[in-house]
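The sequence and the structure are shown first.

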Amino acid sequence: MPARLRSFAKALIHRGRIENEMAEELEFHIATRAEDIMRSGVSPAEARRRALIEFGAVERHKEDAREARGLRLVNELGGDLRYGWRQLLRTPSFSLLAVAVLAIGIGANTAIFSAIDAVMLRFLPVQAPEQLRRIEWVAREGEFVGSYNGSMRPNALKQLVAWSVSYPVYRHIRDNSTSFSGLMTFSGFTQLNLTIRGHATLVAGELVSGNYFSTLGTQAVLGRTLIPEDDRETSLAVAAVISHPYWQRNFGSDPATVGQRIAINGKPAVIVGVLPKGFCGVNPAWCPDVMLPLAVYEILGQGEGVLQEPDHWYFEVIGRLKPGISDEKARAETELLMRQAILQYRPKEAGDLPRVNLSPGGQGIDELRSEYRQPLRLLMCAVGAVLAIACANLAGLLLVRSAARQREIGIRLAMGAGRWRIMRQLLTEGLLLAFLGGAAGTLLAQYGGSAVVRMLAEKNQPPGVAVAANLKIFGFSLALCLLTGLALGLAPAWRAARVEVVTLVKSSGAGADRAPLRAGKVLIAVQAALSLVLISGSALFIGTLVNLESEAIGFKPYNILLFQLDPTLSGYKEGRLLDFHEQVLRSVSELPGVTSASISRWGLLAGSRTTDSIRVPGEKPISTDTHFVAPRFFETMGIPLIAGRDVTWNDRESSKPVTLVNEALARKYFHGLSPVGRILELEEKKVEIIGVTGNTKFGSLRDDMRPSVFIPFRQNPQHSMTYALRSMSNPKEMTLAVRSAIEAIDRNVPMYEVKTQIEQIGELVRRERLLAGLVSGFSLIAVVLAGLGIYGTLAYFVARRTPEIGVHMALGAQKRTVIALVMRETAMPVLIGLACGVAGALASGSIVEKFLFGLTPQNPWALGTGAAVLLACSLCASLAPAFRAAGIAPMQALRHE
Amino acid sequence: MAEHVPLLPGTLDLLILKAVSLGPQHGYGVLLRIGQISRQALVIEQGALYPALYRLEHQGLIESEWGISDNNRRAKFYRLTAKGRERLQTETAGWQRLVEAMAAALGARSEEV
């Protein structure tokens, strides 16, 4: 077998040379034979003539010889391709349309697949990512986790799964583990105030353990990475490494960047290295600009005692398994070490300690993956449907065309062409179309895929993954092209294989061949069904978006400018911190155009929130949303104050603790009686209720309006605060004035997250927008294609039956009757398709259910819209052929025969 | 001159292998040699030789090389490969068995049955 393959490959590559050699070899044979004949005394010319006759048909033997090398198929394929190409050029507008349709179909699939590849399939760009393991632990609710402070998720068994441990626990595992060659940890997203050459900006930072880079096996492209020696508290400059894009953006890729002195949150630091291109840490959801050693956590004012506190379980751990160590051995050892560490600071825990699992860490943290797994899967289904529609559509049109080519095929069969040979020709034509479309589509996909991935980005920071052309994506589109090509070529090829030579050659041009019409109708039904599923799906997503955006939020979001300030990044603390906020707020309130201004911890509908547990003395505690606000917050946001008074500047650290509550809380605890003057217990502190406000949404649009408390911000200091400024006109126009007002107070405190409240709410529905936008786009394509398909099939029907219709007309049929006759042809398949589509949409309801808000997948309006749009589309598409049929003059039709 | 015998199907490949096994030969030489070793009884259609040669080369049973012929022309010489020699032996053995079996069958008399 290898000999044959080699010989075939050689034959393929050196086709020209082999042809020449073959010619030379045969020439040698004939010349030598002629010489032998000449010896019997014949003239050279006569000898050559006889030699040639003896040899036989040279070209036939050559062809046999080529076939012996397996070259015949290749030669024929070349011929088929040339012939197919000529066929395409004969009908350029059809070909262009077909290629465009396929480009969209294959392009959309490749785009979504490359987004899936970037988000779901990619491994971290580090050394041997398959050796990395992520430590996770599981505990039953109410046991150990009662005192745990960190994020976790419930699993199917109602246990809590978490990935973070406290720093002392991490240190104990790291220092005693024998199964890992390295165990590292990191802080996650940390906002930092970076000063380069006196200019302060906010950057996305991450604090990492000293062995972070050695565990990942990542080298710096310039300078060095962080090493364990950097990871200790120091009075010297803090070592910092910067990302490749940050280096390009802010230092113009200057090699002298290494060694440059900067300030981070006001502390001296020095850039020691630049990270490789594409390296974005271990969380693909975002890309840090700067990475610092974890030991500076406290120096930077990120939280006191976090590295010492055994109860702050904030740190995720990723390790590199030593070669030859089994997962189970490493797991058991890590579990033992974690339990030891917990018992060191909490000797009584014995019974209910967490169990440890190791999960693969080669893809990093799965935040982005778990959030977008289902939306991406859904989009993949949608683009799959688009491609299926495109295929059904073009297959129908090709079938009609192949019907027009029946005579050509009949003649070729009659002249002795093999059926397989003709089928191959038709398949080649389908494949040619598919590959042309695929090539164009792959170009489209490059842009489409990146656009989709950019839409997934969070924290105003580009995601840590990017769409990149690779073998996986190439293989995917290649497979798509092949499948599409086969799907397109198969129907015409199948028909060609069943052609009866005699009937065909005998029949005149307008034979009453109804088979392609039948097949065409089936294909129309398929398109109608798939389009209906897509259209009703997009109606559901648009409905969800409308429902979310028209959801009562309890405040007036227009004309509000939002921004945040975090003076702690510039060293403000306690009293000075509160004074700073008060000073800024008073200053910006007086700006021209500002009708009202206030601050709160997060603002409303920012995606973040604070929750607490409160109680009325003597009653069960309930969970509330907690706001920390300045005076005039309700006025600024447009929340009605129903009873009592607002927070004033006199509600200070030293004064009596007070709070406002919303109606939901008042109703829950006070059953219609006025709560003003009553006492609440909040974190074991007694606070007096001074007023009642209307209900608002806080964390997300999907949540109910929850019981909330509003506490004067001076009575509960927070790091950063969100400013809200209500203006009379476009709030964005105030940005410059606000910035200079803040700079007049302290130019080292930068504004960030500057946006309007409307933009803020828009971000909350980003995923819904993505789905609604893309799925509607795909349905639009589907409808246009379905219309084209119906039009094409009907036009063929009318052309084929022109004589028959002419006879009808001559016998006195009304135009109306003829129009009805034509319209009926597609009405049935469309209706059958709609019925199947409704069934399909209902069956696939569970896939979309969790993305919806305020409606169910069975929503009759969505299905109705889908059906109406499709019926309208099929009506439009069939009008033109129907009227053409009605316009047929009987005489002309009869001459046609 | 000997009487011509039509070639049995499948025997051309075996004859070419045999001819080439006696020393490297160009296509025309293979033709002459088959005539010579079959005492001119077997005659091959000239053009049909080349597809057979290419097929054998494609299967890796013979290999070719360009050289200079006796009449001072450039010619392609074919040579048996190790795999070809093996094939020649098994095919020859198979042929012998067939011949013996056929001879025994055709030589059978009624009293032997």
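A nonpolar core is here a set of buried Ala, Val, Leu, Ile, Met, Phe, Trp, Tyr and Cys residues joined through C-beta atoms within 7 Å. The model to which this term is applied is a predicted one.

## Cores and domains

The largest nonpolar core holds 177 residues, and within it A:Ala240, A:Val386 and A:Leu870 touch the most other members. Helix α11 of chain A, residues 367-404, supplies the largest share of this core, with 21 residues. Apart from this core lies another, of 53 residues, which includes A:Phe628, A:Ala666, A:Leu682 and A:Val749.

The neighbours of A:Ala240 can be listed, leaving aside residues up to four places away in sequence: A:Ile264, A:Ala269, A:Val270, A:Ile271, A:Val272, A:Val290 and A:Leu292.

| Domain of chain A | Residues |
|---|---|
| Domain 1 | 2-70 |
| Domain 2 | 74-122 + 369-507 |
| Domain 3 | 129-367 |
| Domain 4 | 524-548 + 765-897 |
| Domain 5 | 567-748 |

Taken over C-alpha atoms, the centres of domain 3 and domain 4 of chain A are separated by 56 Å.

## Strand pairing in chain A

Strand β10 of chain A, residues 261-264, pairs with two strands. With strand β6 (residues 190-196) of chain A, β10(A) runs antiparallel and is joined by two bridges; here A:Thr195 has A:Ala263 as its bridge partner. With strand β11 (residues 267-274) of chain A, the pairing is likewise antiparallel and extends over four bridges. Two residues lie between the strands in the hairpin of β10(A) and β11(A), where A:Asn265 takes a positive phi near 50 degrees.

## A contact across the sequence

A:Leu81 belongs to helix α5 of chain A, residues 72-90. Not counting residues up to four places away in sequence, A:Leu81 touches A:Thr428 and A:Leu432. The C-alpha atoms of A:Leu81 and A:Glu429 are separated by 7.1 Å, although these residues are 348 apart along the chain.

## Architecture of chain B

Chain B contains four helices and three strands, arranged from the N terminus in the order α-β-α-α-β-β-α. The C-alpha trace of chain B spans about 60 × 35 × 20 Å along its principal axes. Of its 113 residues, 27% count as buried. Among contacts in chain B between residues at least 6 apart in sequence, 52% join residues at least 24 apart.

The three strands of chain B form an open, antiparallel sheet in the order β1-β3-β2. Each of β1 and β2 (62-68) of chain B has a single partner strand and stands at an edge, so one side of each is left without a neighbour in the sheet. β1(B) and β3(B) are joined by two bridges in the antiparallel sense, with B:Gln25 opposite B:Tyr78 in β3(B). Across β1, β2 and β3 of chain B lies α1(B), running at about 100 degrees to β3(B).

Helix α2 of chain B covers residues 27-37, and its buried residues are B:Gly27, B:Tyr28, B:Gly29, B:Val30, B:Leu31 and B:Ile34. Within chain B, these buried residues pack against α1 (11-21), β1 (25-26), α3 (46-58) and β3 (74-80); they also pack against α2 (15-38) of chain A. After α2(B) comes B:Arg39, with a positive phi near 50 degrees.

## The interface between the chains

How many residues of chain A are in contact with chain B? There are 23, and they meet 19 residues of chain B. On the side of chain A that touches chain B, two or more residues come from each of α1 (2-13), α2, α3 (44-55) and α4 (58-68) of chain A. α2(A) gives the most to this side, with nine residues.

How values were computed: Residues are numbered from 1 along each chain as its sequence is written. Chains are lettered from A and ligands numbered from 1 in the order in which they are written. This is a predicted model: local features need pLDDT of at least 70, side-chain atom pairs count only at pLDDT 80 or more; totals for chains, interfaces and linings use all residues. Domain bounds come from an automatic or database domain assignment. A residue is buried if 20 or more other C-beta atoms lie within 10 Å of its own, exposed if 12 or fewer, and partly exposed in between; C-beta atoms are placed from the backbone. Two residues are in contact if their C-beta atoms, placed from the backbone, lie within 7 Å. Two strands pair if DSSP finds at least two bridges between them. Axes are lines fitted to C-alpha atoms, for helices over the stretch in contact, and angles run from 0 to 180 degrees between N-to-C directions.
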